[in-house]
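Please walk through this structure with me, one site at a time. Have the sequence and the model open side by side.

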Number of protein chains: 2
Amino acid sequence: MAASQSEQRMMHINLFLMGCGHHRAAWRHPQSAVEQLGDIRYYERLAQTAERGKLDAVFFADSNSAGNVSDGSWWYLEPLTAIAAMSRATENIGFISTVSSTFYTPFHAARLVASLDHISGGRIGWNVVTSMFDVEARNHGYEAMPGHAERYRRADEFVQAVLGLWDSWADDALMFDRQGHYADPAKVRPINHKGEFFRVDGPLNVPRPVQGHPVLFQAGASEQGRELAARCAEAIYAVAYDLPAAQSYYRDIKRRVKAAGRDVTVPIMPGLVTYVAPTEAEALAKQRELDELLPSEASLRQLAMFIDQDCSGWDLDAPVPPLPPLEEFSGPQGRYSTILRIIETEQPSLRQLLGRLAAGGGHCSIVGTPGQVADKMEHWFNNDGADGFNLMPPSLPSGIEDFVEQVVPELQRRGVFRTEYQGHTLRSHLGLARPE
Amino acid sequence: MAASQSEQRMMHINLFLMGCGHHRAAWRHPQSAVEQLGDIRYYERLAQTAERGKLDAVFFADSNSAGNVSDGSWWYLEPLTAIAAMSRATENIGFISTVSSTFYTPFHAARLVASLDHISGGRIGWNVVTSMFDVEARNHGYEAMPGHAERYRRADEFVQAVLGLWDSWADDALMFDRQGHYADPAKVRPINHKGEFFRVDGPLNVPRPVQGHPVLFQAGASEQGRELAARCAEAIYAVAYDLPAAQSYYRDIKRRVKAAGRDVTVPIMPGLVTYVAPTEAEALAKQRELDELLPSEASLRQLAMFIDQDCSGWDLDAPVPPLPPLEEFSGPQGRYSTILRIIETEQPSLRQLLGRLAAGGGHCSIVGTPGQVADKMEHWFNNDGADGFNLMPPSLPSGIEDFVEQVVPELQRRGVFRTEYQGHTLRSHLGLARPE
């Protein structure tokens with residue numbers, strides 16, 4: 001099972017930026033940055049910290065609803081506008097924005113992301129999601145979310161239209177010929193897309209992005225999600241609670257990519273929650289400190305959302321009641337299967353389950369010294385578990401500062417993480433070729 | 001007719017930023033910035049120049065199609081993303097982005113603009129347009145543009161939904177109570193909008209904008225456009241070829257605003273093309289230099305778009321053939337009526353008409369010394385023609401540098417333009433109250 005470590009293969013690491021951190025109670029900490037969530041300088045400083053650590057990119061999730069506002073801030077600044085500013089406060093690090101294929105039109109999405117790729121000098125990625133919740137759908141004209149299969153058919157068509165629009169200007173279309181043409185009309189072509197969901201004539205009104213295509217990220221645990229990833233994803237944000245789960249997903253996706261006839265590396269980057277400190281005891285204390293800030297009511301509401309049933313009456317100190325099997329669950333599959341796995345392998349009390357879910361929602365967690373964190377990351381990296389990680393610091397900015405100051409030097413010493421950027425585009429950080 | 005000039009009343013001046021300038025041939029000039037149109041630093045420097053001149057705002061038009069790419073660059077960076085970056089390179093000047101009510105959903109528009117208002121610290125305006133062209137419609141799923149009346153019904157409902165979303169968080173909703181609520185759920189309310197075109201439950205996932213509402217700009221010469229402006233516009237970008245046209249529009253809008261029961265100042269800012277130099281001869285030479293760069297074919301294609309008929313076979317040196325009267329024209333009314341007015345008052349040759357239209361499409365033009373330019377601006381300002389101007393420099397960056405260095409000091413000397421910003425929000429520059 002152990003793969004030999006090539007000298008060239010390097011980990012990819014993103015900072016998954018979320019409010020005051022991924023632990024739901026992080027904002028309650030006396031030193032949290034909760035008052036700064038509307039201040040772009042807070043986001044710029046986080047990006048600068050991640051860049052100091054030579055990370056590949058800053059990753060944004062997104063939602064189209066406000067969520068439960070009493071629990072904490074899930075959204076404040078909108079990612080695309082925030083990224084435009086953050087890219088100007090940095091020089092090398094990439095930025096990945098989630099954009100929903102269910103709520104945008106391909107023309108807007110292609111244009112906004114292409115414009116960001118120009119503004120940032122080629123440092124943008126697009127995480128395509130189909131969105132999930134009826135509360136989001138009802139902000140965009142639907143009564144409820146379209147079904148899972150329809151959303152994925154739409155996403156597939158959406159991606160094809162966006163890629164077509166990015167290619168609607170040839171790389172050498174711009175002539176700047178002061179006596180003749182600004183651009184060569186023969187190299188700026190309509191795409192005339194007509195499909196089940198979209199009509200988009202094109203061409204785009206933004207010349208071809210610096211990277212050709214901004215990097216296409218995807219995450220999806222369902223059959224349709226994996227198939228979409230196999231066909232078009234260039235990098236993947238995965239959810240894996242432990243190494244066996246990570247390996248199963250990793251090998252399945254690599255197999256599917258190959259089966260789809262694609263001869264490409266598709267870096268797979270599971271989410272990773274780390275509590276890191278010079279000693280294990282200090283790291284455990286950091287975790288406990290956040291867990292103790294957690295109000296159980298809000299956590300129960302979050303769990304209810306994940307499992308799509310009311311659990312407000314459940315006993316916190318009793319075992320979690322049995323849940324329907326995965327195949328009977330119609331919501332997002334990845335997180336639900338993780339919850340089933342935690343229950344199956346650990347038989348936690350409801351309170352213990354909430355603790356697990358409060359930071360990172362069932363992603364892998366590591367609590368320990370820089371050496372312990374690096375050990376586990378390397379173990380996954382060398383054993384078909386991951387090509388890198390999407391860091392989900394429980395609290396921000398401290399969580400990313402800890403990681404950059406303590407874990408990054410350890411990974412660099414071990415030769416598995418870059419000590420300098422080798423290029424200036426996200427595509428170059430991820431080792432991806434520029435599409436023709 | 002002459003109104004007395006109160007000491008308090010000050011002109012409002014925006015820079016209407018467009019590629020290499022508003023003259024269609026500006027990009028052909030040997031010193032044009034055409035190679036920099038994908039470089040955000042070019043836009044940031046323009047905003048800094050405008051801020052040095054204490055202008056109210058930088059204004060962006062927008063389009064959802066590429067246009068004729070051989071003619072020049074009409075779009076490159078997308079305005080919302082560019083503004084996010086530009087706002088971080090400046091401290092006081094406002095930014096107004098056009099966002100189409102026909103192609104966006106209210107939730108996206110409200111969210112993107114609200115996010116920019118937070119990022120910029122309250123310096124954002126939204127110019128609501130209904131869009132015009134079938135080539136744009138076909139990039140967003142339509143076969144053709146919806147009719148004029150339908151577009152304006154949609155715009156009306158769109159604006160109401162956006163305002164509702166901006167108000168869905170009370171100003172004091174955020175509590176940051178670490179022992180309790182992040183935000184007061186009673187002060188973050190759904191809007192439950194259901195209308196002819198939209199269903200938007202809300203609340204928005206961005207807290208209330210810094211300005212309460214980003215400033216609502218509007219431009220519209222048609223009956224429906226004027227009615228929409230009267231009901232909801234806080235400032236207006238107008239098209240007026242000469243003072244009588246400006247006065248007629250100005251008085252009509254002020255009357256309609258009053259009739260709509262609104263006790264508010266709605267600054268009216270006609271577009272203004274200036275060629276300015278220390279002597280009139282030098283200013284005329286600047287104009288001639290650009291006009292001589294104009295290829296007649298491209299100009300004829302532009303004219304064809306404005307009047308919605310093919311004119312490629314027309315004789316350049318013969319009088320312009322008769323055009324259908326305004327009431328038979330279904331496209332955008334403002335520009336068409338200006339063209340009719342130029343033809344009626346000046347009986348130009350086709351070539352002369354093209355010259356008029358090449359810079360600013362029939363807006364008012366002034367060619368002269370700083371004193372002459374200031375004279376005409378003041379004359380309009382003091383005679384019910386304008387509360388300010390939306391500057392359309394024929395070439396950029398030189399056109400705005402000339403204006404800031406030569407005309408602004410002259411206006412300041414005359415006491416009709418600010419010498420320092422009195423506040424830090426666009427709303428404060430425009431003298432508009434913050435909505436409750």
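**From an annotated site to the two-fold axis**

A:Tyr152 touches A:Thr130, A:Gln218, A:Ala219, A:Gly220, A:Ser222, A:Gln224, A:Gly225 and A:Leu228, leaving aside residues up to four places away in sequence. Contact here means heavy atoms within 4.5 Å. The model is predicted: local features need pLDDT of at least 70, side-chain atom pairs count only at pLDDT 80 or more, and totals for chains, interfaces and linings use all residues. Residues are numbered from 1 along each chain as its sequence is written, chains are lettered from A and ligands numbered from 1 in the order in which they are written, and side-chain values use heavy atoms, with hydrogens and water left out.

Stay with A:Tyr152. Its place is in helix H5 of chain A, residues 148-166. Helices (H or I, at least four residues) and strands (E, at least two) are DSSP runs, numbered from the N terminus. Is A:Tyr152 buried or exposed? A:Tyr152 is buried, with a relative accessible area of 10%. The cut-offs are these: buried is under 20% relative accessible area, exposed is over 50%, and partly exposed is in between (1.4 Å probe, protein chains only).

A:Tyr152 also carries an annotation. An unreviewed UniProt entry gives "binding site" for A:Asp62, A:Thr98, A:His148, A:Tyr152 and A:Ser222. UniProt positions are in the numbering used here, feature names are shortened, and annotations may be inferred rather than shown by experiment.

Now take A:Asp62. It sits in the loop of chain A between strand S2 (57-60) and helix H2 (79-88). A:Asp62 counts as partly exposed because its relative accessibility is 21%. Which residues does A:Asp62 touch, not counting those up to four places away in sequence? They are A:Trp75, A:Pro79, A:Thr98 and B:Arg111. With B:Arg111, the side chain of A:Asp62 makes a side-chain polar contact of 2.6 Å. A polar contact is a pair of N or O atoms within 3.5 Å; within protein, one must be able to donate a hydrogen and the other to accept it, and residues adjacent in sequence count only if both atoms are side-chain atoms.

That leads across to chain B. B:Thr81 lies in helix H2 of chain B, residues 79-88. B:Thr81 is buried, at a relative accessible area of 1%. Setting aside residues up to four places away in sequence, B:Thr81 touches A:Leu80, A:Ala84, A:Leu112, A:Ser115, A:Leu116 and A:Ile119. The side chains of B:Thr81 and A:Ser115 are joined by a polar contact of 2.9 Å. Within chain B, B:Thr81 and B:Leu116 are 35 residues apart in sequence, and their C-alpha atoms are 9.0 Å apart in space.

How are the two chains related? A rotation of 180 degrees, with 0.0 Å of shift along its axis, superposes chain A on chain B at an RMSD of 0.0 Å. That is the relation of a two-fold axis. In chain A, the C-alpha nearest the axis belongs to A:Ala85, at 2.4 Å. Both copies use the same surface: 100% of the contact residues of chain A recur in chain B. Copies are superposed by least squares on the C-alpha atoms of residues with pLDDT of at least 70 in both.

Next, look at backbone details in chain B. The peptide bond from B:Gly202 to B:Pro203 is cis, with omega near -5 degrees. B:Pro203 is in the loop between strand S6 (199-200) and strand S7 (215-218). Another cis peptide bond joins B:Leu396 and B:Pro397, with omega about 5 degrees. B:Pro397 is in the loop between strand S11 (388-391) and helix H13 (398-413).

B:Ser131 is not a glycine, yet has a positive phi of about 65 degrees. This residue is in the loop between strand S4 (124-129) and helix H4 (134-137) of chain B. B:Ser131 counts as buried, at 9% relative accessibility. B:Asn192 has a positive phi near 45 degrees. B:Asn192 counts as partly exposed, at 49% relative accessibility.

End in helix H13 of chain A, residues 398-413, where A:Glu410 is found. A:Glu410 counts as buried, at 16% relative accessibility. Its side chain makes a polar contact of 2.9 Å with the side chain of A:Arg414.
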